[in-house]
Structures are given as structure tokens and as C-alpha cells.
Amino acid sequence: MDNSYLATVDLGSNSFRLLIGKVVNNQFHTTFSFKENVQLAYGLDNNNILGQESINRAELALKKINQQIKLLPKKNVKVLATSTFRVAKNISKYLKKFEKTLGFPIQIISGEEEARLIFKGINSSLTRNSDENILAIDIGGGSTEIIVGNKRKISNLTSILMGCVTHTKKYFSDKKFNLSQFNFALKKTKNHIQDISKKFKREVWTEVFGSSGTINAIFDLSVELGGSPEYINKDSLNSVKNYLLNPKSNFFISGKIKQSRIEVLKGGLVILTALFA
């Protein structure tokens, strides 16, 4: 691999991701990608201490990533860590070890910086030329980012400490999923985001865009269940909820959605349903 290649590593609360590519005509073209479902946030106990099993999964994923980027110069690699790295009280105990395994320094970013980067990424993927505001939502493993802005500026952003992994663990840790559990989790989530929703309702936007594995998986699953191939709406959310409540009563879902993603989709569905409301 020559020195013109660039790499980004995203150490998320659900998965660790690697992208390798080149910039051609001011556009980044991916030549290699890798994702490992580490589900780091599952390892947080009630005191936000990371357990050894999660540490071991992280180490294994970092070794795999290292094999792909170890020959790149330091200046060509950017490694960002998000929610679980922010909240884990014992992360300093393992950070140097993680950096040694990966072979590159790890930068733990704030929730606000994560939201800003998410919005920048969404904007760069859109072909629209309008200067009207959009609302962007990203549901990660340990946090959810909400941003309003346009191609020129961000007018409002926030990062909430709730994600698909942490919400699934909090409300559905017994691996069960019934309607009363869902409604209880939904009520608690709505209460949690009440003040935030009031703040964002004062903003004006013309379209809403979602990013992240959770929202993509909800979309893919809703399409498999006969929903719109263009967007997620309330009917989409209801069909996914009904499928998760009783998957055996529905037709076979293709391998497009991994079982590891289905397992944490419950918490992500609650969050997205609360945001829709």
C-alpha cells in the first residue's frame, strides 16, 4: 500500500469500522472497508466500568484493523472514539494498550464534535443544492446525535446518552421483547428527550435524514416487510415493531440484516419511535 492511501477508524459503541481509500478530484473513494460488531457498550456496568469481555473483543478487533493499516504513515490515519470511550470510567486503564495494539493514537471526541462530523458526512453525501435546513438523526450504540443546519452552517445540535446497545441492555436485557416492555421503554425515552424535543421543534427544516447502522437496518427491515423503498414513516416503524414482537409469524427475512444487528434493534427502534413522536 503506497503513501497516498488514507484511513479512518471509528471506534463506536456498537461496532468498530475501518475505511481505506484515496482522494481523487476532491472526492474520497473507498478501496477497502471493514466492520466488527464489538458491542463495547454492552460491557458497561451500572457504574460505567467496562468489563473484561468487552475489552477482549475490542483488542481482537483492533488487531484485525492493525493488519490492514500498519504500513500507513501516522499522518494518513485518523482514529476517533465515541460514546463508550467518553463515559467508561476505567478507559484510561486500557487506552494506551489499545493504541499499542492498533499502532496509532486514539482521539476521544465529544458528543458535540461527533454530531458535527455526522452532519458534515450527511451533507457531503447529498446532491441537493438547497440552502434550506435539514434535520439529521444518527442513532449509535451508546449515543444519539440530532442536528439541524444547512450546507453553510449548523444552527442546533445535541448528543444524547442513549443508543441502540445501551437502550437494548437497559430495557430488554432478558432477551425478551413484548408490547408492555416496548411501551414502558418508549414512555421513559419520550420523557428523557422532552426538553430536547421542545428545543428542536423551534427550528425549521424541510427534510429529515437518518444515518447509522440502526436507522439503515430499520429501513432495510421495513422494506423487506413491504414498506416504502424510499423512506421510513410511522407505518415502517410499526411493521418493524410487530416483526420484532413476533418474528416467527412473519416470512423469512433475508441475510441482508445480520443477527447481531437485529439483537440491538429493539433499543434503536424505541429511540427512533420516540423521536418520530
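Contact here means heavy atoms within 4.5 Å. The model is a predicted one: local features need pLDDT of at least 70, side-chain atom pairs count only at pLDDT 80 or more, and totals for chains, interfaces and linings use all residues. Residues are numbered from 1 along each chain as its sequence is written, and side-chain values use heavy atoms, with hydrogens and water left out.

Let's start with a loop residue. Asn-90 touches Asn-48, Ile-49 and Leu-50, leaving aside residues up to four places away in sequence. Asn-90 sits in the loop between α2 (83-87) and α3 (91-102); helices (H or I, at least four residues) and strands (E, at least two) are DSSP runs, numbered from the N terminus. Is Asn-90 buried or exposed? At 13% relative accessibility, Asn-90 counts as buried, given that buried means under 20% relative accessible area, exposed over 50% and partly exposed in between (1.4 Å probe, protein chains only).

Next up is helix α4 (residues 111-125). In α4 the buried residues are Gly-111, Glu-114, Ala-115, Ile-118, Phe-119, Ile-122 and Asn-123. They cover an arc of only 170° around the axis, so they are on the same side of α4; the arc is that of the directions from the helix axis to the C-beta atoms. An α-helix has 3.6 residues a turn, so residues three or four places apart point the same way. Lys-120 and Ser-124 are exposed on the other side of α4. The buried residues of α4 pack against α2, β6 (134-139), β7 (144-149), β8 (154-160) and β9 (207-211).

Helix α9 (residues 234-245) can be read in a similar way. Its 12 residues should span 16 Å at 1.5 Å a residue, which agrees with end C-alpha atoms 16 Å apart. Ser-236, Leu-237, Val-240, Lys-241, Tyr-243 and Leu-244 are buried in α9. Their arc around the axis is only 160°, which puts them on the same side of α9. Exposed Lys-234 and Asp-235 are carried by the face turned away from that buried side. What covers the buried residues of α9 includes α6 (179-192), α8 and α10.

That brings us to α8, where Ser-222 is found. Ser-222 has a relative accessible area of 0%, so it is buried. Ser-222 touches Gly-227, Ser-236, Ser-239 and Val-240, again not counting residues up to four places away in sequence.

How does α8 (residues 213-224) meet α10 (residues 259-276)? Their axes come within 9 Å and cross at roughly 95°, where axes are lines fitted to C-alpha atoms, for helices over the stretch in contact, and angles run from 0 to 180 degrees between N-to-C directions. The two helices are therefore roughly perpendicular to each other (under 35 degrees counts as roughly parallel, over 145 as roughly antiparallel, 65 to 115 as roughly perpendicular and the rest as oblique). Among the residues of α8 in this contact are Ile-215, Ile-218 and Leu-221, and among those of α10 are Leu-265, Leu-269 and Leu-272. The contact of α8 with α10 divides into 8 nonpolar, 3 polar and 1 charged residues; Ala, Val, Leu, Ile, Met, Phe, Trp, Tyr, Cys and Pro count as nonpolar, Asp, Glu, Lys and Arg as charged, and the others, Gly among them, as polar.

Key:
Expected span 1.5 Å × (residues − 1).
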